[in-house]
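These are my notebook entries on a structure that I am opening for the first time. I want to go through loops, strands, domains and helix packing in turn, and write down what I looked up.

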Amino acid sequence: MNYSDFAGTKVSQLGFGLMRLPKTPEGKIDFARGTRMLLRAFEAGVNYFDTAYMYHDGESEVFCGVALSSLPRSSYFLADKMPSWMCHSVADVQTVFQEQLRRCRTDYFDNYLIHSVTRDNVGKIEEYKVYPQLVRLREEGRIRHLGFSFHGDPALLEEMLTKYDGFEFVQLQLNYFDWEYQNAKELHRIVRAHGLPIIVMEPVRGGMLADLSSSANRIFREYGPDYSVASWAIRYAAGLDGVMTVLSGMSDEAQTEDNLRNCSLPPLTEADFRVIDRALAEFRRDTLIPCTGCRYCMECTVGIDIPKIFRLYNDLALRKFRDMKSFLNRYGDLTQAGKDCVSCCVCMTHCPQGIRIPEEMIRIQALYEEHIGK
Ligand code: SF4
Ligand code: SF4
């Protein structure tokens with residue numbers, strides 16, 4: 001296991017995320033199996049365990065309390081998070097925190113985060129005095145290190161780090177796909193400019209980077225037949241500047257073993273990065289409409305927001321067409337008032353990517369019509 005330094009201690013490069021634990025047929029956490037996986041990871045050197053109030057509907061924290069009970073408390077880092085959007089008063093922050101300590105059977109958290117800061121919920125942090133209350137808990141020794149996990153835009157990240165200057169780390173969604181697609185590169189730059197270490201979440205983008213398109217997977221397998229497709233994503237995230245640990249929500253034994261192996265490998269080389277670039281290009285070609293969002297194609301003759309429609313389609317394709325309901329709702333909103341493409345081709349002449357826009361529009365409209373009646 002590779003380690004990084006954090007506040008004078010060694011943190012394993014692989015962190016065990018406790019949000020996708022194995023389940024029983026009834027849908028509850030399989031405590032026996034999950035505990036075996038967790039202890040196996042600990043024996044192999046993992047010392048960072050990450051839970052949250054709402055993971056597995058609250059059962060993940062209870063699982064932590066049980067599964068970690070056989071280990072000396074000082075032998076691992078336990079991370080938990082405050083769901084500020086679930087608070088309805090200043091007092092709720094304390095109530096939730098105390099409940100978390102009870103569920104986890106501990107009297108302190110090593111790392112504690114304001115969970116999932118976004119534009120939509122950032123107001124609650126101010127309204128319910130979340131930050132000053134957590135700082136006080138840190139002074140009382142209930143929290144060792146304070147940070148936040150983030151799902152917003154670069155301007156909001158900068159605001160958070162400027163306004164509240166006592167954070168010690170930030171948790172970001174970083175992976176080789178989102179580096180450009182979601183501008184994760186800029187989020188990474190901002191955190192590092194503030195001199196803070198980073199915890200990586202979603203290094204495999206919810207499983208997407210464990211199984212790209214068949215041609216992209218083939219590129220990885222030909223170059224590194226002994227490595228899984230997911231291993232490239234884990235090693236990429238672990239090798240980024242300032243990364244303290246990479247969280248992986250492990251659901252079975254095979255995934256755990258693969259992750260353990262990946263976090264003992266040497267860093268990626270220049271040749272490895274070129275392989276990732278090639279596989280990524282192949283994946284994009286196979287799966288996505290190559291729209292960059294430049295908006296040179298606008299205005300559309302009938303008022304369609306072309307880049308927004310393409311982004312919506314790409315988001316659906318990246319989820320392997322699983323979240324059709326959300327696509328249908330959002331597509332319906334975007335194309336209200338009979339905004340159907342009339343194939344005038346005016347937009348196409350402005351597209352630097354050479355996208356055959358009307359053909360794509362007709363294809364997406366057909367996908368919508370196929371599913372809307374179901
Ligand atoms: S081809 Fe379709 S999308 Fe493009 S400008 Fe014409 S109506 Fe709009
Ligand atoms: S011009 Fe092409 S690449 Fe740019 S937003 Fe329009 S469709 Fe996308």
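Entry 1, a loop residue. I began with Arg105, which lies in the loop between helix 3 and strand 6, where helices (H or I, at least four residues) and strands (E, at least two) are DSSP runs numbered from the N terminus. The phi of Arg105 is near 55°, which is a positive value in a residue other than glycine. Before going further I noted that this is a predicted model, in which local features need pLDDT of at least 70 and side-chain atom pairs count only at pLDDT 80 or more, while totals for chains, interfaces and linings use all residues. I also noted that residues are numbered from 1 along each chain as its sequence is written, that chains are lettered from A and ligands numbered from 1 in the order in which they are written, and that side-chain values use heavy atoms, with hydrogens and water left out.

I then looked at the loop between helix 12 (270-287) and helix 13 (306-318), which holds Glu299. The peptide bond from Met298 to Glu299 is cis, and its omega is near 10°.

Strand 1 (residues 3-6) and strand 2 (residues 9-12) run antiparallel and are joined by four bridges; two strands are taken to pair if DSSP finds at least two bridges between them. Tyr3 stands opposite Ser12 in strand 2. I found that the two strands form a hairpin with two residues between them, and that Ala7 in the turn has a positive phi of about 50°.

In which order do the eight strands close into a barrel? I read the order as 3-4-5-6-7-8-9-10, with parallel pairing. On average, neighbouring strands of this sheet are turned by 30° against each other, direction ignored; here axes are lines fitted to C-alpha atoms, for helices over the stretch in contact, and angles run from 0 to 180 degrees between N-to-C directions.

Helix 3 (residues 90-104) lies across strand 5 (77-82), strand 6 (109-117) and strand 7 (143-150), and runs at about 150° to strand 5. Helix 10 (residues 229-238) lies across strand 9 (198-201) and strand 10 (243-249), and runs at about 155° to strand 10.

The axes of helix 6 (residues 154-163) and helix 8 (residues 184-193) come within 9 Å and cross at roughly 15°. That makes helix 6 roughly parallel to helix 8, since angles under 35 degrees count as roughly parallel, over 145 as roughly antiparallel, 65 to 115 as roughly perpendicular and the rest as oblique. Pro154, Leu157, Glu158 and Leu161 in helix 6 meet Glu186, Leu187, Ile190 and Val191 in helix 8, contact being heavy atoms within 4.5 Å.

The domain assignment, which is automatic or from a database, gives domain 1 (3-278) and domain 2 (306-372). I noted that their C-alpha centres lie 34 Å apart, and that seven residues of domain 1 are in contact with five residues of domain 2.

Helix 13 and helix 14 (residues 324-334) pack at an angle of about 175°, with their axes 10 Å apart. That makes helix 13 roughly antiparallel to helix 14.
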